[in-house]
Amino acid sequence: MLAEMRIQGLGVIDDATLELDPGLTVLTGETGAGKTMVVTGLSLLGGGRAEASRVADGAARAVVEGRFTADAAAMAVADEVGADADDDGTLIAVRTVSADGRSRAHLGGRSVPVGVLGRLAEATLAVHGQNDQLRLLRPAEQRALLDRFAGESVGKPLERYREVRAEWQRLGAELVERRDGARRLAQEADLLRHGLTEITSVDPQPGEDTELVELGRRLAAADDLRETAAAAHAALVGAEETGESDMLGALALIGEARHRLAAADDPELTALDSRLGEALALLADVGAELTGYLDRLDADPERLAGVLSRQAELKALTRKYAADVDGVLAWADDARARLANLDTSDEALSALAARRDELAVELGEHAAAVTGARTKAALQLAEDTTAELRGLAMGDARLQVVVTPREAGPGAADALRVGRASLVAGADGVDEVELRLVAHAGAGPQPLHKGASGGELSRVMLALEVALAGADPVPTMVFDEVDAGVGGRAAVEIGRRLAKLAARHQVIVVTHLAQVAAYADRHLVVDKTVRGSGAARSSVRTLAEGERIAELARMLAGLDDTDTGRAHAEELLGAARAHREADRAAAPRNGAAKKSTRKKAPAGS
């Protein structure tokens, strides 16, 4: 429930605070005084579109602040964004619109996206205006209204219907694609199979290419080292070790040099022999170490050749399918999955068609369940609304809520067999819903846009809202001049019905009819004053008893300063009080204040 609202810098309103009654609050004022700005403020508070043009001239920003009684639904929204209620249990929502059009929102002292205020409004506020009457003429809105009245009796089967319909449509589209693109799909399947065959024949393993690079580098380095060490060893040991008969090693050459020196008679030459002996011993040690090194060195030319060959095989795959082996394996997995869906054989197409047909039967059953629930709810809604119309000076009028199947034309894409009929399986079922009004005795039923005048349409809408009140959990209902085009006794009955509605909901009404304003629990008036600069500014105040009489007299005929006008206003106010007391006394007996057990339908139904 909205306990209080403050408006600053919005339109012609500089600063106004509206203290709202838990029952029926009416808002009145001269034409152009700024009543619309109050409704605009409510819209902004509910996350509505912000327009810089709404900011008052000379003001830096417009601010709308609302204090809500924090019920469970409101607190659920607040908890999701970490907002806190005040110590008195109320929740403060604020919407700010700057002169350049920028908008900010706060809830419970925390900055939040504007959409959060929209969700709060869905749980707490329902605003009805003359635009809603126009929307009520649309078939889709009429179906949505019936589903809202029906609640879960339609919502649950409709939810299941939508789930099955989505799968049925998916299979139907896939079947069409397979049949129409059979040649293209067959070519794609051949390419996929060829790729899989090539990959399977190579049988790459995850990460294999990386491992082979490292192994090849190690093996290639070992071979180079072996070649170097073997050449050095051959230079030392000569042909006997290397198998090259014409090659003498350093050891043999030094041995030959020693032999020749030892045979000489010259003491100077024989003295060199000992020094060659030392060199020979050193070279022999180096040769032995080279032999040991070659024995220890892990080199396998055949293995290296195998690694290089395997790398070439993998490279052929990575050139075609992916940048590395892991990518090639991922491509193969995707190809297998795609092939499973590219089966264009007659058996696969038959199996797909059979599954689609099975779903069509199931979908038809759910569609029939939705139709049955709607038809039952339509009878109840028509009965409840007609009863309300009798109390709105339309005693001979009757509302019919007609549920009819929407037949599918030849070749319709979403044609569905339900019973013996071929119907269009739309997102909201196979039904068309139309509200028809029998305006008076002897008249035939007519669609609302043909059979209802402006005043009658206002009353039909109000009657529907009263009928829907029990099914609607929103605690606060706002009506913006829904009594347009109505006067006389009909206006009195509208006021009386709004007062009855206020027994179960907080009701806020913007009205130009004194007959409606007389039923208020709290009467607010928008006053417009013109300043010395010529600028018009408005304020909102709560009327005391004497002020109410003057305002009602002004609304009746502009006679607020005459005894006749005041007497008429007092009489109207007294009659309204008598009606309210009688209605409240009768409520326990007639069950008028009982809440409906219908639950709200899921969103989107």
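This report describes the overall make-up of a predicted model and then some of its local features.

Local features rest on pLDDT of at least 70, side-chain atom pairs count only at pLDDT 80 or more, and totals for chains, interfaces and linings use all residues. Residues are numbered from 1 along each chain as its sequence is written, and side-chain values use heavy atoms, with hydrogens and water left out.

The chain contains 20 helices and 17 strands; these are DSSP runs numbered from the N terminus, with helices (H or I) of at least four residues and strands (E) of at least two. Of its 605 residues, 44% are buried, that is, under 20% relative accessible area with a 1.4 Å probe and protein chains only. Among contacts (heavy atoms within 4.5 Å) with a separation of 6 or more, 71% join residues 24 or more positions apart.

The elements discussed below are as follows.

| Element | Residues |
|---|---|
| Strand S1 | 2-10 |
| Strand S2 | 13-19 |
| Helix H11 | 267-296 |
| Helix H16 | 454-468 |

S1 and S2 pair in the antiparallel sense over 6 bridges, where pairing requires at least two bridges found by DSSP. Leu10 stands opposite Ile13 in S2. This hairpin has 2 residues between the strands, and Gly11 takes a positive phi near 60°.

In H11 lies Asp273, which counts as buried because its relative accessibility is 17%. Beyond its neighbours within four places in sequence, Asp273 is in contact with Arg258 and Leu261.

Helix H16 is mostly covered, with 14 of its 15 residues buried.

Definitions and conventions: Buried means under 20% relative accessible area, exposed over 50%, partly exposed in between (1.4 Å probe, protein chains only). The expected span of a helix is 1.5 Å times one less than its number of residues.
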